Amino acid sequence: MKAPAALTEDHTRRQLPVASLATVRGHTAALIRHHRRPLAGVLGWHALAALTALAAPWVIGQLVEEVTHARRPDRVTHLLVLLGVALLVQTVLTWLARRAAFVLAETVFARVREEFVASAVRLPLSLLERAGTGDLVARTTGDVEALAFVVRTGLPQLLVAGTTIVAILVTALWTAPAAVLAFVVAPVILAVPLRVYLRRALPGYRWERATYAALAGVAAETGHGLGTLDALGRMPARGAAYREALARAEAAEHWTLRIRMRFFPWCDVAFGALVAATALWAGWLSFEGVIGVGAAVAVTLYAQQLIDPIGEVVGWLDEIQVAATGYARLLGVGEVPPDREPSGLLPAGDDLEVADVSYAYRAGHDVLHSVSLALRPGERLAIVGPSGAGKTTLGRLLAGIDAPSRGRVTCGGVPLVDLDLPTLRGEVALVTQEHHVFVGTVADNLRLPRPSAGDAELYAALSAVDADGWVRALSEGLATRVGSGAHPLSEAQAQQLALARLVLADPHTLVLDEATSLLDPRAARHLERSLAAVVAGRTVVAIAHRLHTAHDADRVCVMADGRIEELGTHAELIAAGGSYAALWRSWHGASPAAGSRRLPSGPRHTE
Amino acid sequence: MRTPPFRYAVSAADLDAAPADGDRLLMWLARRQWRTIVGGILMGTPWMVAIAMQPAAIGKAIDAGIVPRDRGGLLLWSAVIAGLGVVIGVLATARHFFAVRNWLHASFRANLVADHGIRRAGPALTREVPAGEVLTSITTDFGRMGQVFDVSARFSGALAAFVVVATILLRTSVTLGLVLLLGGPLLMSSLALVVRALGRRQEAQRAEFGALAALGTDTVAGLRVLRGIGGEEEFLRRYAAQSARVRASGVRLAGVQALLEAAQVLLPGVFVLVVVGVGARLALAGEISAGQLVAFFGYTAFLTTPLRTAVEFVEKLTATRVASRRIARILAVSPDHPESPDSPDPVNNRPFGGLCTADPVNNRPIGGLCTADPVNNRPIGGLCTADPVNNRPIGGLCTADPVNNRPIGGLWTAGAAGELVDPVSGTRIVIGSFTALVSARPEDAAEVLERLGRTAPGRHGVTWSGMPIDDWPIGEVRSRALVSPAHPDVFSGPLRTELATGRPDDELLDALHVANAEDVLDALPEGLSTHLEERGRSLSGGQRQRIVLARALLTQRPILLLVEPTSAVDAHTEARIVTRLKEARAGQTTVVTTASPLVLEAADEVVLLQDGRATTRGTHADLVREHTAYREIVTRGEAT
């Protein structure tokens with residue numbers, strides 16, 4: 001059976017590591033060790049429950065003896081009462097065993113997910129800023145779900161099936177050890193088909209899930225982009241894209257169907273052979289007088305009772321594989337090394353300095369070339385330049401998110417990347433458009449940088465950014481629940497919460513990246529005032545899109561091709577007549593109303 | 001990646017005919033896969049009957065082999081048991097094949113129907129059906145639609161097996177047969193009651209778990225913010241608290257869930273006890289043999305399978321009907337701008353009402369509006385039909401000269417010819433010009449463009465060259481005008497396809513040049529062939545905006561209505577884009593909303609909106625000089 005090409009492709013864009021199989025085994029073993037007592041309890045209860053379950057075949061075997069030979073009505077009644085008592089005991093034991101298993105599963109899963117989230121929120125800043133969160137979101141949803149399914153549903157059922165199999169084997173051995181030899185027929189028949197199936201099933205189901213994820217992605221895009229699709233007249237083309245995604249899902253489904261169709265018959269054949277071989281062998285042994293008729297009947301029934309639990313275990317094997325690879329991805333998140341090792345040194349001042357810095361995302365492709373820049377405490381510096389000039393990269397280095405490939409970015413003499421995160425956050429903050437509103441209350445959202453802040457402090461921060469009014473007007477004030485699915489906030493309100501958080505974090509230097517920012521001149525006026533309140537008294541580096549930002553700054557830094565091309569005050573650069581002056585004239589040429597700032601109209605800016 | 005063949009296709013006409021009613025939709029699906037359903041039944045029935053035969057075979061092996069010490073009998077019946085295993089294996093595989101095919105047929109077709117309905121409803125869908133419900137329909141319901149078809153083969157097998165077992169039992173012993181046949185359904189319905197009670201308790205825990213999952217996903221989505229500003233410990237504390245709540249409710253639930261498991265031991269156990277008790281008495285009395293007693297014991301265990309399948313069938317039918325109703329609800333949404341039945345002329349295959357985008361005589365586009373029947377090469381509808389090459393009317397009914405933008409006949413009010421007019425705001429746009437709309441409230445300007453391009457729902461009395469467009473088929477409007485909203489969507493797939501289909505790379509590169517997106521292209525590992533991620537996530541805001549602009553240009557529509565097309569790019573880039581855009585769109589109608597002096601200065605005309613009304617029009621230079629309110633809007637950054 002030739003595997004389709006799509007099977008071997010990597011279906012996810014992976015930015016985070018995946019733990020090795022050994023690590024998965026190690027962590028699983030650690031989980032078992034950590035929960036060994038409840039696990040032992042669960043296994044004990046299950047073993048007892050499974051043993052009582054075997055009373056029925058034994059009683060049937062005895063009844064057959066009575067019916068065929070002894071014919072004692074009293075003995076029959078006793079046996080039936082025994083069966084009834086065994087049933088009641090089994091019911092109670094099953095309840096205890098199942099309950100313990102469910103509790104254990106909940107506990108184990110809670111631990112796994114808490115460990116995962118803990119390692120996720122510790123992921124290095126540099127990695128998150130560069131790689132985004134797509135891969136992590138996929139792991140948080142898909143892999144956690146796969147693991148949850150196996151731990152919460154599979155684990156209890158597997159424990160039952162496992163102990164049942166063991167109990168049946170033990171009882172059968174106790175009843176008629178010689179007859180049990182026939183049981184080996186099942187593993188002998190199943191071994192090879194099972195190995196082949198498992199080898200193919202895992203990549204097959206992974207492929208299948210990837211096609212469904214892609215399908216859901218296409219559908220979600222369509223649902224989200226109906227307006228755009230309608231405007232562009234792309235509805236029919238979109239339908240074709242959807243059919244294509246469906247066709248891929250279909251191909252994957254048919255592949256996994258073929259894999260199953262090659263395996264399933266072997267299960268039924270093995271089960272049939274198990275019972276047949278046992279009946280034959282046990283019957284023959286009873287003919288030879290090695291075992292009694294009752295024992296022969298009981299062992300045959302035991303063989304039949306093995307079918308269900310074995311089927312259960314086999315059915316879970318592929319799910320366990322899926323969960324194991326999911327677990328490997330979850331554990332992989334914890335394997336990302338920290339991107340900074342605090343040296344313990346503390347900055348001796350607030351002055352930020354970039355000294356002869358180069359930076360490359362890929363080795364040999366420098367996007368910054370020997371850049372040097374000293375910030376003056378309290379100044380407003382605007383960085384302007386065309387797309388791809390390295391503005392955002394320089395901003396990230398200034399905020400201590402990435403370490404330069406060569407050279408140093410220091411604050412008070414200490415390289416920024418040598419500071420621990422809490423210290424760094426008190427020195428410099430990067431402000432982007434990303435103003436995520438976390439699920440929780442308004443207060444929860446504000447307290448992130450300073451958990452100890454009281455309500456008065458929160459309101460003070462809100463008032464600084466001109467947002468205390470609407471927060472007070474909310475039905476429950478600071479305790480109002482916001483974020484996905486709760487009270488909706490406007491973009492401007494969300495932005496204000498982010499700014500209030502900055503006030504609470506209180507860094508002396510801010511790096512504002514307008515490239516991805518809504519902080520443009522047409523944003524509501526009060527948002528501008530909010531921002532003005534935040535930047536007051538701090539050193540500000542603004543990666544500017546709008547020339548008015550540059551105009552208002554104390555100094556302007558013009559970048560091109562990863563170098564600083566011009567640096568000086570607005571007036572100096574205008575006087576210098578370089579590229580900044582040309583752009584300014586074009587932007588400003590027809591705006592003589594700017595009063596004292598009026599400049600003579602220059603030639604139209606072209607390229 | 002090669003696209004595999006698709007087996008479950010449905011023709012467009014068929015999709016249109018899909019009923020917008022849950023149950024009728026299910027029947028519609030069933031009719032389209034009756035062969036697979038019948039195939040499943042033909043395999044599923046003997047399969048479950050064969051399973052039902054197993055206890056009888058084991059009983060025979062005991063009766064005819066082990067008990068009488070008959071080697072021949074034992075050998076024979078052991079062979080029968082093994083043979084049954086082979087038969088069951090083959091039939092089970094065939095049944096599984098049909099079950100999966102059934103599931104795929106129904107699910108995939110239902111999804112085609114849902115997708116078709118979503119696309120037909122268009123933007124109206126988001127207003128009429130909650131977004132969450134639409135998402136459920138296309139993700140979760142996907143699987144549910146096939147479930148009842150999947151289980152149909154097993155269900156038929158269950159019915160048949162029940163009948164076969166009943167016959168065997170009644171022929172062996174009327175008493176025991178009745179006990180089994182009446183007790184079995186009683187047992188299953190009492191189990192179903194317990195399951196239902198548990199299901200309600202489970203809902204509560206699911207809600208807690210949902211809140212936890214939301215908390216986790218939410219954090220990951222905001223992780224950059226969290227890592228940038230701090231608060232990891234605070235967050236972890238909240239997460240651990242919610243996690244503990246989920247665990248606690250899971251533990252509470254464990255007792256109930258274990259009760260269900262225990263009930264599944266106890267109830268069938270009582271059943272076994274009754275059957276074995278009655279059977280033992282009958283066997284002692286010699287009415288049945290020892291093997292038959294064993295067989296009866298086997299049947300009690302076996303009968304739970306078909307009964308369970310019956311319960312499953314009912315449950316899945318319910319789930320499928322709910323899913324089907326949800327899809328039907330999508331199908332019932334009527335689009336904002338339905339194709340009016342009278343306007344397109346499918347019989348003569350010609351454009352409606354007298355508008356087309358090309359000059360059919362000389363086979364090239366003109367100024368943006370012309371009115372000719374390209375098929376028959378003659379004027380239609382009695383509206384304007386000018387010959388742009390020779391700049392004179394063709395035919396006798398011409399009312400305007402689109403090239404020179406002036407009315408010819410007396411049918412139009414002066415001024416309306418050659419203009420796009422939005423009566424709601426009083427905005428007038430000169431056709432063929434590059435116009436900028438400025439408003440202190442950017443949404444007002446965006447709404448003007450939505451009305452002019454008829455993407456806003458409802459009728460607004462907009463006219464193009466004096467012709468009201470409210471009653472035009474929407475396709476006719478779309479083919480001439482493109483409204484690009486403030487936050488347009490980008491879709492996954494190769495960049496080449498996302499830009500335009502069926503155009504040479506040269507044209508794509510030209511458009512990317514106009515949008516100054518060369519550096520975006522350079523940064524992509526495989527250039528135009530690079531696969532964009534879902535919703536263009538891997539692109540920055542500025543990159544996305546330039547790709548969207550290039551995409552708009554490539555539609556080559558005579559009228560482009562662009563909301564804030566350069567809001568996310570820096571001043572250097574914006575200056576380049578505006579220069580190139582103006583050149584590329586020379587002679588065509590381009591309207592942008594903006595407040596950037598770099599764009600305004602380049603515009604042929606600027607229209608100022610105040611409180612949603614067009615109050616002033618003129619050039620940027622004049623307005624800056626003469627209009628205080630205008631000055632404040634466009635130079636606001638400097639005022640602070």
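## An open sheet in chain A

In this predicted model, chain A holds an open sheet of 6 strands with mixed pairing, in the order β6-β9-β10-β3-β11-β12. Strands here are DSSP E runs of at least two residues and helices are H or I runs of at least four, both numbered from the N terminus; two strands pair if DSSP finds at least two bridges between them. At the edges stand β6 (428-431) and β12 (563-568) of chain A, each with a single partner strand, so one side of each has no neighbour in the sheet. From one strand to the next, the twist averages 15 degrees.

Let's look at one pair of strands. Strands β9 (residues 509-513) and β10 (residues 539-543) of chain A run parallel and are joined by 5 bridges. Within this pair, Val511(A) lies opposite Val541(A) in β10(A).

Contact is counted when C-beta atoms, placed from the backbone, lie within 7 Å.

Helix α16 (residues 491-505) of chain A has 15 residues and reaches 21 Å from first to last C-alpha, close to the expected 21 Å, which is 1.5 Å times one less than its number of residues. Its buried residues include Gln495(A), Arg501(A) and Leu504(A). Buried means 20 or more other C-beta atoms within 10 Å of the residue's own, with C-beta atoms placed from the backbone. Just after α16(A), Asp506(A) takes a positive phi of about 55 degrees.

## Chain B and its contact with chain A

Chain B has 22 helices and 18 strands, and 51% of its 640 residues count as buried. The contact takes 144 residues from chain B and 141 residues from chain A. On the chain B side, helix α10 (residues 232-284) gives the most, with 29 residues.

## Conventions

Residues are numbered from 1 along each chain as its sequence is written, and chains are lettered from A and ligands numbered from 1 in the order in which they are written. As this is a predicted model, local features need pLDDT of at least 70 and side-chain atom pairs count only at pLDDT 80 or more, while totals for chains, interfaces and linings use all residues.

Technical notes. Two residues are in contact if their C-beta atoms, placed from the backbone, lie within 7 Å. A residue is buried if 20 or more other C-beta atoms lie within 10 Å of its own, exposed if 12 or fewer, and partly exposed in between; C-beta atoms are placed from the backbone. Axes are lines fitted to C-alpha atoms, for helices over the stretch in contact, and angles run from 0 to 180 degrees between N-to-C directions.
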